[in-house]
Amino acid sequence: MITHEPTSHYVANPERYKNMAYERCGRSGIQLPKLSLGLWQNFGADDPRSNARNMLQTAFDNGITHFDLANNYGPHYGAAESTFGSIYQQDFTPYRDELIISSKAGYDMWPGPYGMGGSRKYLVSSCDQSLKRTGLEYFDIFYHHCMDPDTPLEETMQALDYIVRSGRALYVGISNYQPQQTQQAVAILRQLGTPLLIHQPRYNMFDRWIEDGLTDVLKAEGVGSIVFSPLAQGVLTDKYLNGIPDDSRAAQQHQIYLADKDITPARLAKVQALNDIAKQRGQSLAQMAIAWTLNNDAVTTCLIGASRPAQILDSVNTLNKLDFSEQELLAINNILKE
């Protein structure tokens, strides 16, 4: 007797590579899609698995080959990796060699002194746990998620080098490192023989810190970058132009990265002015904000998030207009300086 519904088989869109653009990551042999999908939000234990599955399928069907995870993505910690792992086993095992799958470790993950930071103990253990949750044999990229001031940088980079040499990952990356720290990490990894592939910093119109030295380091050293939070947690959309919707991130009590204090009248005035430029370009504000990050020649790929498949499709349509006129860039800069 059949006691459950047979597992449906996902067949990827045969034209998935037709419209996606790919960019070489630094001076490596890897090309990344202009858009990558981050699983920070909406892939937790309490999120509908069917929606998560639909988003992953939609992304890959449209040429997004890079899925980005971290050990503490959820909620709860580890849940996003587990969700991804179950969907991967159901849908994506035939496509493993077409995918770039990454994860990270650095922030707090489990109790005790070995549950966070940049030590060899923590990073290797974290990588092993993440591989078990995802069911993967290896990660394409494994990152140190944040600089640990209490651990020698040499130890952290040696741990990343070991993770590659032991077969746990193919490439290594760093995230949230400042320019000088990045320069040092590049030098150590180069000496070890495992070059730094990529840096993952936050970057958007309201947070341009990478322009103060980091992009110069990345270009000089041939390191790629994948920028996250291009929409400033949804502020760079039309969502908040008429107040804070009840279902928005700013209205969620558990959301620690965005609150109503981030949506001030002065900032909303800038958002409105930016929205006017986007309309003149024939884009939504979200599309223009993503295109703006990709206009930086140090940026390899933009890491998008989504709560439903339609948002992924909307982001993919950004690629129809990535160019900016000098007048548009000047107008945007003038708005941001006000």
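Contact here means heavy atoms within 4.5 Å. Among contacts in the protein chain between residues at least 6 apart in sequence, 75% link residues at least 24 apart. Bear in mind that this is a predicted model, where local features need pLDDT of at least 70 and side-chain atom pairs count only at pLDDT 80 or more, while totals for chains, interfaces and linings use all residues. Numbering starts from 1 along each chain as its sequence is written, and side-chain values use heavy atoms, with hydrogens and water left out.

The chain has 10 helices and 10 strands, taken as DSSP runs numbered from the N terminus (helices H or I, at least four residues; strands E, at least two). Its radius of gyration is 20 Å, close to the 20 Å that the globule rule gives for 338 residues, so the chain is as compact as a globular protein of that length. That radius is taken over C-alpha atoms, and the rule is 2.2 Å times the number of residues to the power 0.38. Buried residues make up 54% of the 338, buried being under 20% relative accessible area with a 1.4 Å probe, protein chains only.

| Helix | Residues | Contact residues |
|---|---|---|
| H3 | residues 120-134 | Arg120, Leu123, Val124, Cys127 |
| H4 | residues 153-165 | Glu155, Thr156, Gln158, Ala159, Leu160, Tyr162, Ile163 |

The residues of this H3 contact with H4 divide into seven nonpolar, two polar and two charged (Ala, Val, Leu, Ile, Met, Phe, Trp, Tyr, Cys and Pro count as nonpolar, Asp, Glu, Lys and Arg as charged, the others, Gly among them, as polar). H3 and H4 pack at an angle of about 30°, with axes 9 Å apart. That makes H3 roughly parallel to H4, a label for angles under 35 degrees. Axes are lines fitted to C-alpha atoms over the stretch in contact, and angles run from 0 to 180 degrees between N-to-C directions.

Technical notes: Angles under 35 degrees count as roughly parallel, over 145 as roughly antiparallel, 65 to 115 as roughly perpendicular and the rest as oblique. Buried means under 20% relative accessible area, exposed over 50%, partly exposed in between (1.4 Å probe, protein chains only).
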